[in-house]
Amino acid sequence: MNLRRTVSIGIALVLLILILPSVNIKAQNPIITNVFTADPAALVYKNTVYLYVGQDTAHVGVNTYQMPGWLIYSSKDMVNWKSHGTCLTPGSFLWASRAANAAQCIERNGKFYWYISVMHKNNADSKGGVAIGVAVADKPTGPFKDAIGKALITNEMTTDMKHSWDDLDPTVFIDDNGQAYLFWGNGSCKWAKLKKNMIELDGPIHTFKPKNFTEAPWIYKRKGLYYLVYAANMPETIEYCTAEKAEGPWTYRGLIQSTSENSFTTHPAIIDFKGKSYYFYHNGALPTGGGYRRSVCVENLYYNEDGTIKKVEQTKKGVIRPAK
Ligand code: CA
């Protein structure tokens with residue numbers, strides 16, 4: 001073999017080694033890039049992750065939320081996401097006026113209850129402001145319809161905060177004994193028990209203020225410990241509390257996520273799927289993205305042995321796939 005050929009093969013091999021990893025490593029975050037998405041909520045059902053988000057449609061330079069509806073995506077591997085389109089809009093609720101704010105869907109006895117926050121019309125039930133409704137379906141992707149025909153929570157039902165958007169951001173949880181809970185709130189965290197039918201409150205509304213609480217609570221239970229994760233401060237970080245019971249008392253545990261890239265809000269959702277834990281949030285990292293043009297991302301989440309949560313690193317490359 002002559003020297004020239006050996007050098008050529010050597011150069012070709014070095015180039016191959018340099019190029020191959022960049023071909024194989026594809027950025028996953030944000031996980032949806034053809035539309036702007038915000039306020040993730042994830043549901044694990046039958047070997048699939050369903051992701052419920054609001055859509056941001058504000059034009060560049062428009063600094064108000066323009067959120068015409070809620071979208072659903074699904075994935076079996078946390079990497080490839082299938083769009084199920086717009087599955088619910090404020091117009092799905094006759095009592096609602098606009099603004100597809102944060103929402104979460106949960107399954108009970110084969111039915112899917114999607115709790116949403118939205119602007120209420122000024123009518124006999126409410127003078128307006130943000131309210132919480134619930135839609136129901138037989139499948140995780142719908143079709144969904146208003147389960148009650150009116151709001152479950154109106155602004156007037158909580159008065160500890162005086163602003164009209166303090167009843168944002170529902171999160172829902174069913175304990176091992178079957179008791180369901182709804183948590184929500186902006187400025188203070190509110191909670192109430194839900195009846196087994198999931199469409200009526202089962203007792204009074206309680207309010208409290210976890211340390212640094214702003215909005216966007218996410219409640220779940222893991223290995224016997226209850227977690228209340230929420231958006232804190234402004235610009236928002238994600239912080240959390242734990243408790244021995246869903247009804248508290250809650251103990252502050254610290255920071256999970258620093259402020260997100262190019263967005264003054266962010267929003268948590270946490271699931272376990274196929275033996276790994278995952279953490280959803282939003283940022284403004286897409287080209288032309290921003291605080292009103294947000295994008296949902298996902299990262300692996302890691303716990304310490306005592307159940308505390310390790311701080312999440314926000315990455316472009318995204319998650320490690322679960323084993324099949
Ligand atoms: Ca209120």
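Reader: Start with strands β11 and β12. In which sense do they pair, and over how many bridges?

Author: First, a caution: this is a predicted model. Strand β11, residues 180-184, and strand β12, residues 189-194, pair in the antiparallel sense. The pairing runs over 5 bridges.

Reader: Give me one pair. Which residue is the bridge partner of Trp184?

Author: Lys190, in β12.

Reader: And what sheet do they sit in? What is the strand order?

Author: An open sheet of 4 strands, ordered β10-β11-β12-β13. The pairing there is antiparallel. At the edges are β10 (171-174) and β13 (206-208), each pairing on one side only. From one strand to the next, the twist averages 25°.

Reader: Now the sheet with β18. Which strands does that one have, and in what order?

Author: It has 3 strands, in the order β18-β19-β20. This sheet is open too, with antiparallel pairing. β18 (269-273) and β20 (295-301) are its edge strands. The twist averages 30° from one strand to the next.

Reader: How many bridges join β18 to β19?

Author: 5 bridges, with the two strands running antiparallel. β19 covers residues 276-283. For a specific pair, take Asp272: its bridge partner in β19 is Ser277.

Reader: Switching to packing. Which residues touch the most other members of the largest nonpolar core?

Author: Trp114 and Phe280. That core holds 62 residues.

Reader: Next, voids. How many cavities of 30 Å³ or more are there?

Author: The structure holds 1. The volume of the largest cavity is about 40 Å³.

Reader: What lines the largest cavity?

Author: Among the lining residues are Ala41, Ala102, Ala103 and Gln104. Asp169, Pro170 and Thr171 line it as well. So do Pro217, Trp218, His267 and Pro268.

Conventions: Residues numbered from 1 in each chain as written. Predicted model: local features only at pLDDT ≥ 70, side-chain atom pairs only at ≥ 80, totals over all residues. Heavy atoms only, no water. Core = buried A, V, L, I, M, F, W, Y, C linked by side-chain atoms within 4.5 Å. Buried < 20%, exposed > 50% of the residue type's maximum accessible area, 1.4 Å probe, protein only. 1 Å grid on protein atoms, 1.4 Å probe; cavity = no way out; pocket = protein on both sides within 12 Å on 5 of 7 lines; lining within 4 Å. Points joined across faces, edges and corners; volume = space filled by probe spheres on them. Pairing = 2+ DSSP bridges. Axes fitted to C-alpha atoms, helices over the stretch in contact; angles between N-to-C directions.
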